[in-house]
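Biologist: Could you take a close look at one part of this model for me, and then walk me outward from there? I'd like the numbers and the cut-offs behind them.

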Amino acid sequence: MKTILCIGAGYVGGPTMAMIASKCPEYRIIVVDIDAERIRAWQSDRLPIYEPGLLELVKASLNKNLFFSTDIAKGIEEADIIFVSVNTPTKTFGEGAGRAADLQYWEKTARQIKACAKSDKIVVEKSTLPVRTAEAMERILKSGNPTVHFEVLSNPEFLAEGTAVKDLEKADRVLIGGHDTETGRKAVQDMVAIYAHWIPRERILTASVWSSELSKLAANAFLAQRISSINSLSALCESTEADVTEVARAIGMDARIGPKFLNASVGFGGSCFKKDILNLVYLCQHYGLSEVARYWEQVVEMNQYQEDRFVRTMIASMFNTVAGKRIAVLGFAFKADTGDTRESPANRVCRSLIEERAAVVVTDPRALKNARKDMADLADKIVYEEDPYLAAEGAHALAILTDWEEYKKLDYGRLYESMSKPAFIFDGRNCLDHAKLFEIGFNVYPIGKKPLSHL
Ligand code: NAD
Ligand code: UGA
């Protein structure tokens with residue numbers, strides 16, 4: 001029986017390994033992490049992350065061929081294949097701060113693999129990394145452990161949060177990058193054999209390590225670019241009474257463009273889009289490609305502009321002041337069906353509103369714990385409320401920042417009755433029935449559409 005180890009039991013490591021365990025019963029899968037609390041949570045009914053369908057998936061294999069542990073050294077020793085899925089956040093210090101990837105967790109892992117490995121290993125980059133990171137990994141692994149052969153592959157993950165299980169089960173593609181050497185080709189085939197258990201062979205792509213590493217950054221940059229493109233047009237729509245949903249539908253029906261990722265919003269969030277684009281920008285600067293760097297940087301700048309524009313619209317429409325006004329923020333997660341709040345637009349919006357001295361009340365069905373952590377420095381300025389009806393009581397405005405299904409089903413008549421008048425609603429996700437809200441009495445401000453105002 002072959003053993004697969006995954007170092008890093010986060011949003012990617014946990015779900016990915018649970019899927020491999022369920023599809024490949026002849027492999028023993030061990031997931032390790034330095035965070036003992038996280039590891040305990042994976043072994044319980046309260047997983048450390050929320051993903052639809054994940055608990056069932058984990059439970060199906062847990063302690064059969066799927067194991068969670070903090071014993072990293074033992075895991076390395078026993079493994080034939082080691083996935084590395086540690087976090088690679090944006091660097092906050094020194095050279096490249098605010099743009100480059102912080103590879104300290106990554107490098108620590110490489111050193112630990114080198115120190116503990118007693119037999120040949122395939123080491124798989126699962127984390128998102130700057131192109132040519134495998135080269136650095138190989139240098140570390142090959143220094144001082146000459147008896148063991150390490151074959152480094154790149155196998156980036158394309159799952160999105162909130163749909164992780166579905167994305168893993170029915171991946172559009174799986175990408176495996178390897179070196180064009182005898183051992184490289186063999187290692188790639190070993191990986192292909194794992195995914196071929198459930199992914200149709202024509203969807204398993206092989207490439208060079210460098211193409212694979214860069215494709216991950218490029219895919220996220222393209223997705224985010226579409227959102228920034230439609231968001232930029234949402235501003236023009238608001239100035240011209242064009243409707244961004246109609247525009248998106250019209251352009252999206254062109255088969256060459258396609259309909260996905262054209263929903264205008266308060267801005268994209270999540271742990272990766274901004275981080276990966278800034279990483280791409282840094283790489284371009286490093287290689288002297290300043291025009292290319294500037295091109296991609298605009299995607300992030302446009303996103304920030306959109307978040308700020310949302311707050312400016314709120315203030316302008318509420319008679320140029322929100323000071324002392326209760327504002328209920330519906331949704332703090334960066335998207336629906338996740339408790340993740342990393343880089344959520346709600347963070348910046350709430351901070352700006354507090355700066356304007358608004359009384360902010362935050363509600364979210366899954367993300368209040370993370371929201372409290374993110375906003376800890378403003379703890380005395382925010383009220384957290386589980387129940388959206390209580391959050392809205394006495395509020396001047398509702399700001400919809402996450403497209404939770406339950407927010408579409410709220411009794412807006414009841415909400416309206418309990419609010420201060422005139423009552424405003426700012427739909428940062430264009431997910432509500434605006435005409436109906438207007439009929440109830442709300443002054444409605446969508447994104448990229450004409451506001452519906454009684455004033
Ligand atoms: P995460 O922060 O949820 O998980 C990373 C885990 O690695 C943490 O639990 C941390 O404790 C652990 N870790 C750090 N250093 C370690 C070490 N030396 N030894 C053992 N464990 C260690 O991060 P994530 O969201 O799972 O992302 C991981 C990588 O995958 C990142 O590079 C990210 O860009 C990429 N990615 C993420 C997503 C996503 O949806 N979150 C999707 C695709 C790719
Ligand atoms: C994204 C990619 O979709 C994944 O393929 C990738 O693996 C992942 O990043 C990663 O590398 O971490 P994720 O950030 O989890 O996944 O979620 P998305 O569905 O891409 O949404 C990102 C943000 O864009 C959310 O805030 C979402 O609300 C926003 N969005 C999305 C829009 O504003 N408009 C859209 O049309 C689509």
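Modeller: Helix 1, residues 13-23, is mostly covered, with nine of its eleven residues buried. Helices here are DSSP runs of H or I with at least four residues, strands are E runs of at least two, and both are numbered from the N terminus. Buried means under 20% relative accessible area, exposed means over 50%, and partly exposed is in between, using a 1.4 Å probe and protein chains only. The buried ones in helix 1 are Gly13, Gly14, Pro15, Thr16, Met17, Ala18, Met19, Ile20 and Ala21.

Before going on, some bookkeeping: this is a predicted model, where local features need pLDDT of at least 70 and side-chain atom pairs count only at pLDDT 80 or more, while totals for chains, interfaces and linings use all residues. Residues are numbered from 1 along each chain as its sequence is written, chains are lettered from A and ligands numbered from 1 in the order in which they are written, and side-chain values use heavy atoms, leaving out hydrogens and water.

Now ligand 1. There are 26 residues around ligand 1, and Asp33, Arg38, Thr88, Glu161 and Lys275 come nearest; to count, a residue needs a heavy atom within 4 Å. By class, that shell has nine nonpolar, nine polar and eight charged residues. The classes go like this: Ala, Val, Leu, Ile, Met, Phe, Trp, Tyr, Cys and Pro are nonpolar, Asp, Glu, Lys and Arg are charged, and the others, Gly among them, are polar. For polar contacts, I take pairs of N or O atoms within 3.5 Å. A polar side-chain atom of Arg38 sits 2.7 Å from an oxygen atom of ligand 1. Lys275 has a side-chain N or O atom 2.6 Å from a ligand 1 oxygen atom, and for Arg342 the side-chain distance to an oxygen atom of ligand 1 is 3.2 Å. Taken alone, ligand 1 exposes 830 Å², and the protein buries 92% of that; the areas are Shrake-Rupley values with a 1.4 Å probe.

Ligand 2 has 20 residues around it, with Phe158, Leu159, Ser265, Cys272 and Arg429 coming nearest. Helix 9 (residues 209-240) gives the most to this shell, four residues. The shell around ligand 2 divides into eleven nonpolar, four polar and five charged residues. On the contact side, a side-chain N or O atom of Ser265 is 2.6 Å from an oxygen atom of ligand 2, and a polar side-chain atom of Lys216 lies 2.8 Å from a ligand 2 oxygen atom.

Last, some backbone details worth checking. Most residues other than glycine have a negative phi, and most peptide bonds are trans. Lys421 and Pro422, though, are joined by a cis peptide bond with omega about 0 degrees, and Pro422 is in the loop between helix 17 (412-418) and strand 13 (424-427). Arg132 has a positive phi, near 85 degrees, in the loop between strand 5 (121-125) and helix 6 (133-142). Asp337 also has a positive phi, about 65 degrees, and is found in the loop between strand 9 (326-330) and helix 13 (345-355). Asp337 counts as partly exposed because its relative accessibility is 33%.

Conventions: A polar contact is a pair of N or O atoms within 3.5 Å; within protein, one must be able to donate a hydrogen and the other to accept it, and residues adjacent in sequence count only if both atoms are side-chain atoms.
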